[in-house]
Amino acid sequence: MSVFNSSRLLRKSVLVTGASSGIGMATAVLFAKVGSNVIVTAWQVDALQKVVERCVAVHKEAGAQYGGKFVTIPFDVSDKNQIASFSNKIPAELRRIDILVNNTGYVIGVDCVGDISLENMEGMFATNMFGLITLTQLFVKERGTGHIINIGSIAGKEPYAGGSIYCTTKHALHVFTAALVSEVVDTPIRVTEIQPGMVEAEFSIIRCRGDKTAADKVYNGLQPLVAEDIAEEIVWAASRPPHMNIAELFVLPVNQASATITYRSKA
Ligand SMILES: NC(=O)c1ccc[n+]([C@@H]2O[C@H](COP(=O)([O-])OP(=O)(O)OC[C@H]3O[C@@H](n4cnc5c(N)ncnc54)[C@H](OP(=O)(O)O)[C@@H]3O)[C@@H](O)[C@H]2O)c1
């Protein structure tokens, strides 16, 4: 039996950023399954097209009677000009976004302060923070109702060595989200932050600068979360009744206690 009340998500217009892989892709597919219409965005056009094909397939398999409109709009969330022109590319029937999932985010390297390149610093701030803030501003101004779901991180609760910039961006996301909850308290807008611990995704490979072996080591001896686990939390939060706001959800693999404390079996 589904834990979602999917009738609340039927025909909703959902925009998922960073939907070409990992958590974003799993989220787009799950919204498609429960009868929402989904706009998927990221950089990679081919990958986005495949996500749309999966959305169409799961929507059909589920026998969903409603929804079923899936579109890709590739753009770079770190580029304010691309964000400005992005709304005009959304088909008219989906333009009233009901649920915005601000999922895009990345970290490159584990460089410590003193060794961090300007390029990486600017890229992470622009993508993880400014892009999210710019999109959220558009949503709040244009809609005045609906649900904003920001994907934070354990890195936004707990800073760790080698993660100063990424942790700063996720702490900023946390503070921005909390301030927004206060600002929209007199409106029907709901604002949620989901804070995942370790999730197996491309994310680790990017952090390890493309070194898949190093990325796999992150998960040695424990079972990390998978993207579908977080997608379920996102869709669950979105499917609560309109008077209920899931303000924060901190989600860990069972053998992770903090950013630095894990239990790993030796076998
Ligand atoms: N995996 C974890 O352990 C973990 C833990 C806590 C929080 N998170 C957070 O979860 C979110 C999703 O990450 P994930 O694990 O699913 O990683 P992922 O598989 O690497 O997905 C990241 C997505 O962001 C997109 N993206 C990156 N930069 C972009 C830009 N400038 N413009 C547009 N799209 C861009 C990527 O698109 P392209 O592939 O097209 O570049 C991709 O679709 C991130 O915010 C991350 O910080 C992840």
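Biologist: Leaving aside its neighbours within four places in sequence, which residues is Val-107 in contact with?

Modeller: Please bear in mind that this is a predicted model. Beyond those sequence neighbours, Val-107 touches Met-124, Tyr-166, Phe-203, Ile-206 and Arg-207.

Biologist: Where is Val-107 found, and is Val-107 buried or exposed?

Modeller: Val-107 belongs to the loop between strand S4 (99-102) and H4. Its relative accessible area is 2%, so Val-107 is buried.

Biologist: How far apart are Val-107 and Arg-209 in space?

Modeller: The C-alpha to C-alpha distance is 9.4 Å, although Val-107 and Arg-209 are 102 residues apart in sequence.

Biologist: Let us turn to aromatic rings. How many aromatic pairs does a search of the whole structure find?

Modeller: The search finds 2 aromatic pairs. In one of them, the ring centres of Tyr-166 and Phe-203 are 5.6 Å apart.

Biologist: Why is the pair of Tyr-166 and Phe-203 called tilted?

Modeller: The planes of the two rings stand at 55°. Planes under 30 degrees apart would count as stacked and those over 60 as edge-to-face, so this pair falls in the tilted class.

Biologist: Which parts does that pair tie together?

Modeller: Tyr-166 is in helix H5 (residues 164-183) and Phe-203 is in helix H6 (residues 202-207), so the pair ties together parts that are 37 residues apart in sequence.

Biologist: What sits over the ring of Tyr-66?

Modeller: The charged end of Arg-11 does, 3.8 Å from the ring centre. Elsewhere, Lys-157 lies over the face of Phe-250, at 4.5 Å from the centre of that ring.

Biologist: Now the helices. At what angle do the axes of H4 and H5 cross?

Modeller: The axes of helix H4 (residues 118-143) and H5 cross at roughly 15° and come within 9 Å. The two helices are therefore roughly parallel to each other, and H4 passes H5 in a right-handed crossing.

Biologist: Which residues in H5 are met by H4?

Modeller: Among them are Tyr-166, Thr-169, Leu-173 and Phe-176. The H4 side includes Met-124, Phe-125 and Leu-132.

Biologist: And how do H1 and H2 pack?

Modeller: Helix H1 (residues 22-33) packs on helix H2 (residues 45-61) at an angle of about 30°, with the axes 8 Å apart. H1 also passes H2 in a right-handed crossing.

Conventions: Residues numbered from 1 in each chain as written. Predicted model: local features only at pLDDT ≥ 70, side-chain atom pairs only at ≥ 80, totals over all residues. Heavy atoms only, no water. Phe/Tyr/Trp six-rings, centres within 6.5 Å; stacked < 30°, edge-to-face > 60°. Helix = DSSP H or I, 4+ residues; strand = E, 2+ residues; numbered from the N terminus. Lys NZ or Arg CZ within 6 Å of the ring centre and 35° of its normal. Axes fitted to C-alpha atoms, helices over the stretch in contact; angles between N-to-C directions. Left-handed = near helix turned anticlockwise from the far one by under 90°. Parallel < 35°, antiparallel > 145°, perpendicular 65-115°, else oblique. Contact = heavy atoms within 4.5 Å. Buried < 20%, exposed > 50% of the residue type's maximum accessible area, 1.4 Å probe, protein only.
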